[in-house]
Amino acid sequence: MQVVQYIYSKVYNLSAKEEFINDAKSGKILARKCTKCGYLHLATTYYCQNCGNRGFENVHIEGKGTVATYTIITVAPAGYEKYTPYAWVVLKLDGADLRISGFMQNIKSPSDLPLGTRAEITGYDERGLLIEKL
Ligand SMILES: [Zn+2]
């Protein structure tokens, strides 16, 4: 399974970015579904990675899943010091072969966040996608 990191400035045009952010604020993830085979993509793409089809439709996936992996940040980049410690989490979404990464507040050590912990998307701001434990 491929880890896909959402980089909105590169993969979405402005209106899609707004739609993605609005979805995230209501706990959902905007994805692109192949109209031929149903394969889901997080990023805008011209050809389906599964079947090569060029047709897609937007779908709104429930932003809930399980923690697949993460990195604990104790030395934050400039401007993010106030958020430490935090984790940059890869969340495997329920019912889809999709992983998405985001910010989880107040994770100090691996004992705070066992792999497989249930979590959900709760918003979007300067930190990116916000993820909280369920
Ligand atoms: Zn397809």
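**Figure 1. Overview of the predicted model.** A residue counts as buried if 20 or more other C-beta atoms lie within 10 Å of its own. By that cut-off, 24% of the 134 residues of the protein chain are buried. The model is predicted. Its secondary structure comprises two helices and eight strands. Along the sequence, the elements follow the pattern α-α-β-β-β-β-β-β-β-β. Take the contacts in the chain with a separation of 6 or more: 49% of them link residues 24 or more positions apart.

Figure 2. Strand 1 covers residues 28-34 and pairs with strand 3 over seven bridges, in the antiparallel sense.

Figure 3. Strand 7 (residues 118-125) pairs with strand 4 (residues 64-73). The two are antiparallel and share three bridges. Here lysine 64 stands opposite glutamate 120 of strand 7. Strand 7 also runs antiparallel to strand 8 (residues 128-133), joined by six bridges. Alanine 119 has lysine 133 in strand 8 as its bridge partner.

**Figure 4. The hairpin of strands 5 and 6.** Seven bridges pair strand 5 with strand 6 in the antiparallel sense. In this pairing, tryptophan 88 stands opposite phenylalanine 103 of strand 6. Five residues lie between the two strands of the hairpin. Glycine 95, in the turn, has a positive phi of about 70°.

**Figure 5. The largest nonpolar core.** In soluble globular proteins, nonpolar side chains tend to be buried together. The largest nonpolar core in this model holds 24 residues. Those with the most contacts inside it are Ile29, Ala31, Val89, Leu91, Ile100, Met104 and Ile131. Helix 2 (14-25), strand 1, strand 4, strand 5 (86-93), strand 6 (99-105), strand 7 and strand 8 each supply at least two residues. Strand 5 gives the most, with five residues.

**Figure 6. Close-up on methionine 104.** Which residues are in contact with methionine 104, leaving aside its neighbours within four places in sequence? They are Tyr86, Ala87, Val89, Ile131 and Glu132. Met104 is also among the core residues with the most contacts inside the core, as are Val89 and Ile131.

**Figure 7. Backbone geometry in two loops.** The peptide bond between threonine 84 and proline 85 is cis, with omega about -5°. Proline 85 sits in the loop between strand 4 and strand 5. The other site is asparagine 106, in the loop between strand 6 and strand 7. Asparagine 106 has a positive phi of about 65°, although it is not a glycine. Is asparagine 106 buried or partly exposed? It is partly exposed, because 13 other C-beta atoms lie within 10 Å, whereas a buried residue needs 20 or more.

Technical notes:
Residues numbered from 1 in each chain as written. Predicted model: local features only at pLDDT ≥ 70, side-chain atom pairs only at ≥ 80, totals over all residues. Pairing = 2+ DSSP bridges. Helix = DSSP H or I, 4+ residues; strand = E, 2+ residues; numbered from the N terminus. Buried ≥ 20, exposed ≤ 12 C-beta atoms within 10 Å, placed from the backbone. Contact = placed C-beta atoms within 7 Å. Core = buried A, V, L, I, M, F, W, Y, C linked by C-beta atoms within 7 Å.
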